[in-house]
Amino acid sequence: MDVLKVKNINKSYKNKKSVLKDISFEIKKGTCMGLVGESGCGKSTLSKCILGMESIDSGEILLLHQPFNHQSDKRPLRRHIQAVFQNPASSLNPKLKIKESLIDPFRQFESQLNLRHLNYQNQNQFIRDLLELVNLPTKTAESYPHELSGGQKQRVAIARAISIEPVLLVLDEPTASLDVFSQNMLLTLFEQLRKELELSYLFISHDLAAVHMISQQIMVMKEGSIVDSFDKEDLLLNSRNTYTKELISVFED
Ligand SMILES: Nc1ncnc2c1ncn2[C@@H]1O[C@H](COP(=O)(O)OP(=O)(O)OP(=O)(O)O)[C@@H](O)[C@H]1O
């Protein structure tokens, strides 16, 4: 079953040339779709359109087979799509303890939730379970964001995003601000959570190696167009687009 279907979308910003050009793809339940491309090619614009944060000029975005875009009423579907961005500090309120940030999405969507993997009995236990899922110690609950490292903050942001069991997580350069060691730990965590919670991801990065590590399918974007898309196993086939081959040569260096 596809959780997200993007059909022929186009987008331009005011007074600008086309930023997204006839983009189409699907993401199947429980899989990771990687999107790779150089800076400025339109990756973040695409993620914002999918999250309903930016309008599209034409085309269609379907989340769980229902229209989901800037103009549609997003409330009934909002809990099914969550995001983790590059800068974890921006998604955590500096004045709130981690436990308060963690429980916030659950409280917001409580009446619509029918959790299948997580189990809510009481707030303290729920927070402990979430922290354990992202491999953080229980005592993290009492900390403030400034007391945590970048990698720890990103784990909290991930715990927040998965706390309401969305079907799709948009991961927009989630490891870009971290050192290589923390990056690898997070990629492993994403892989583990995808399997445990049957999550689907759109994983956006300029780093082909990271995309290749956790994606089942990969799309390559250049100047607003998807120029290549393939199964992970087919990355090194000779039939790859010339631009993909250029990215691979950087990846192999
Ligand atoms: N709010 C905006 N208004 C006008 N132009 C924008 C806006 N946001 C992005 N752009 C332009 O759209 C193009 C695509 O930008 P976008 O941020 O989507 O690329 P990206 O691939 O995510 O880049 P990066 O990897 O550097 O984040 C760029 O030319 C950028 O200058």
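Is Glu173 buried, exposed or partly exposed? Glu173 has 19 C-beta neighbours inside 10 Å, so Glu173 counts as partly exposed. The model is predicted: local features need pLDDT of at least 70, side-chain atom pairs count only at pLDDT 80 or more, and totals for chains, interfaces and linings use all residues. Residues are numbered from 1 along each chain as its sequence is written.

Glu173 sits in the loop between strand 7 and helix 5. Helices (H or I, at least four residues) and strands (E, at least two) are DSSP runs, numbered from the N terminus. Although Glu173 is not a glycine, its phi is positive, about 50°. Most residues other than glycine have a negative phi. Glu165 also has a positive phi, near 45°. Its place is the loop between helix 4 and strand 7, and with 19 other C-beta atoms within 10 Å Glu165 is partly exposed.

Helix 4 covers residues 150–162. At 1.5 Å a residue, its 13 residues should span 18 Å, and the end C-alpha atoms are 18 Å apart, which agrees. The expected span is 1.5 Å times one less than the number of residues. Eleven of the 13 residues are buried, so helix 4 is largely enclosed by the rest of the structure. Among these buried residues are Val156, Ile158 and Ile162, but also Lys153, Arg155 and Arg160. The buried residues of helix 4 pack against strand 6 (81–84), helix 2 (98–109), helix 3 (123–133), strand 7 (168–172) and helix 5 (180–197). Packing here rests on contact: two residues are in contact if their C-beta atoms, placed from the backbone, lie within 7 Å.

Ile127, Leu130, Leu131 and Leu133 are buried. They cover an arc of only 160° around the axis, which puts them on the same side of helix 3. The arc is that of the directions from the helix axis to the C-beta atoms. On the other side, Asn124, Gln125 and Glu132 are exposed. The buried residues of helix 3 pack against helix 2, helix 4 and helix 5. In helix 2, the buried residues are Ile98, Lys99, Ser101, Leu102, Ile103 and Phe106, and their cover includes helix 3 and helix 4.

Next comes the nonpolar core. In soluble globular proteins, nonpolar side chains tend to be buried together. A nonpolar core is a set of buried Ala, Val, Leu, Ile, Met, Phe, Trp, Tyr and Cys residues joined through C-beta atoms within 7 Å. The largest one here has 68 residues, and those with the most contacts inside it are Leu168 and Leu202. Helix 4 gives the most to this core, with six residues. Leaving aside neighbours within four places in sequence, Leu168 is in contact with Val3, Leu4, Ile27, Leu63, His80, Ile81, Ser200 and Leu202.

Val3 belongs to strand 1 (residues 2–12). It has 23 C-beta neighbours inside 10 Å and so counts as buried. Beyond four places in sequence, the contacts of Val3 include Ile27, Leu63, Val167 and Leu168. Cys32, in strand 3 (residues 32–36), is buried as well, with 24 C-beta neighbours inside 10 Å. Not counting residues up to four places away in sequence, Cys32 touches Arg194, Tyr201, Phe203, Ile214, Ser215 and Gln216. Gln66, in strand 5 (residues 66–67), has 11 C-beta neighbours inside 10 Å and counts as exposed. Gln66 and Lys5 are 61 residues apart in sequence, and their C-alpha atoms are 9.4 Å apart in space.

The last stop is the ligand. The residues around it are Tyr13, Lys16, Val19, Gly37, Ser39, Gly40, Cys41, Gly42, Lys43, Ser44, Thr45 and His206. A residue is near a molecule if its C-beta atom, placed from the backbone, lies within 6 Å of it. Helix 1 (residues 43–50) supplies the largest share of this shell, three residues. By class, the shell has three nonpolar, seven polar and two charged residues. Ala, Val, Leu, Ile, Met, Phe, Trp, Tyr, Cys and Pro count as nonpolar, Asp, Glu, Lys and Arg as charged, and the others, Gly among them, as polar.

Key
A residue is buried if 20 or more other C-beta atoms lie within 10 Å of its own, exposed if 12 or fewer, and partly exposed in between; C-beta atoms are placed from the backbone.
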